[in-house]
Amino acid sequence: ISPSGLESAAAEVTLTDAATVAVDWDSGINFTVTLGGNRALGFPTNIQTGTWRRISIVQDGTGSRTMTFTASGYYAAGGSAPSLSTGAGDVDVIYLYARSSSIVEIYSGGLDWAQIS
C-alpha cells in the first residue's frame, strides 16, 4: 500500500442524509453525515470483521436532531446508544468496530474538545 493510496482510502466519504442513513463498509473508512431531521443509522453492509469505521455526525443549522440505531446488531457500553450534542452545527464522532458480520460495537468520544493554545 502506498502512502497516497492509504490517504485516498482514508478520505472522508459523505453519507446521504435520509430517514435511514446507509453505511457501506466498502465505500470508505471515515464518513460524515449532516442530519436534516431525526434519523436512524442503518446496519452497515459489506462488513469486514475486525475493522473500524469512523462517522462524524453533524447537526444542521436547526440542531436538536437525534440518531437512533437499528434494533439488532449494534452494541454499546451499558446497552445505551450514544447521545448527540444538540446545538446547531455541533459535531459528534462515533466509531464502529465489526466484532462479526452481525455485531457492530459503537464507541463515542464524549470529549469536550477545545483548541490548544
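Select Trp52, which counts as partly exposed because its relative accessibility is 44%. Keep in mind as you click around that this is a predicted model.

How are the rings of Trp52 and Tyr107 arranged? They form a tilted aromatic pair, with 5.6 Å from centre to centre and 45° between the planes. Colour by secondary structure and you'll find Trp52 in strand β5, while Tyr107 sits in strand β9 (residues 104–108), so this pair ties together parts that are 55 residues apart in sequence.

## Stop two: the phenylalanine in the loop

That was one of the 4 aromatic pairs in the structure. For another, pick Phe43 and Tyr74: their ring centres are 5.4 Å apart and the planes make an angle of 65°, which is over the 60 degrees needed, so the pair is edge-to-face.

Where do these two residues lie? Phe43 is in the loop between β4 (39–41) and β5 (52–59), and Tyr74 is in strand β7 (residues 74–76), so the pair bridges parts 31 residues apart in sequence.

Phe43 is partly exposed, at 24% relative accessible area. Tyr74 has 10% relative accessibility, and because buried means under 20%, Tyr74 counts as buried.

Next, bring in Phe69. Ring pairs link Phe69 with Phe43 and Tyr74 into a cluster.

## Stop three: an arginine over a ring

Move to Tyr75 and show the side chain of Arg99 as well. Arg99 lies over the face of Tyr75, 5.5 Å from the ring centre.

## Stop four: zoom out

Hide the side chains and go back to the cartoon. How many helices and strands are there? The protein has 1 helix and 9 strands, and reading from the N terminus the order is α-β-β-β-β-β-β-β-β-β. Its radius of gyration is 14 Å, close to the 13 Å that the globule rule gives for 117 residues, so the protein is as compact as a globular protein of that length. Along the principal axes, the C-alpha trace spans about 40 × 40 × 25 Å.

The accessible surface comes to about 6,800 Å², with 53% of it belonging to carbon and sulfur atoms. Of the 117 residues, 34% are buried. As for contacts between residues at least 6 apart in sequence, 59% join residues at least 24 apart.

Note on methods:
Residues are numbered from 1 along each chain as its sequence is written. This is a predicted model: local features need pLDDT of at least 70, side-chain atom pairs count only at pLDDT 80 or more; totals for chains, interfaces and linings use all residues. Side-chain values use heavy atoms; hydrogens and water are left out. Rings of Phe, Tyr and Trp (its six-membered ring) pair if their centres lie within 6.5 Å; planes under 30 degrees apart count as stacked, over 60 as edge-to-face and the rest as tilted. Helices (H or I, at least four residues) and strands (E, at least two) are DSSP runs, numbered from the N terminus. Buried means under 20% relative accessible area, exposed over 50%, partly exposed in between (1.4 Å probe, protein chains only). A charge sits over a ring if NZ of Lys or CZ of Arg is within 6 Å of the ring centre and within 35 degrees of the ring normal. The radius of gyration is taken over C-alpha atoms; the globule rule is 2.2 Å times the number of residues to the power 0.38. Contact means heavy atoms within 4.5 Å. Accessible areas come from the Shrake-Rupley method with a 1.4 Å probe; for residues, only the protein chains shown count as cover.
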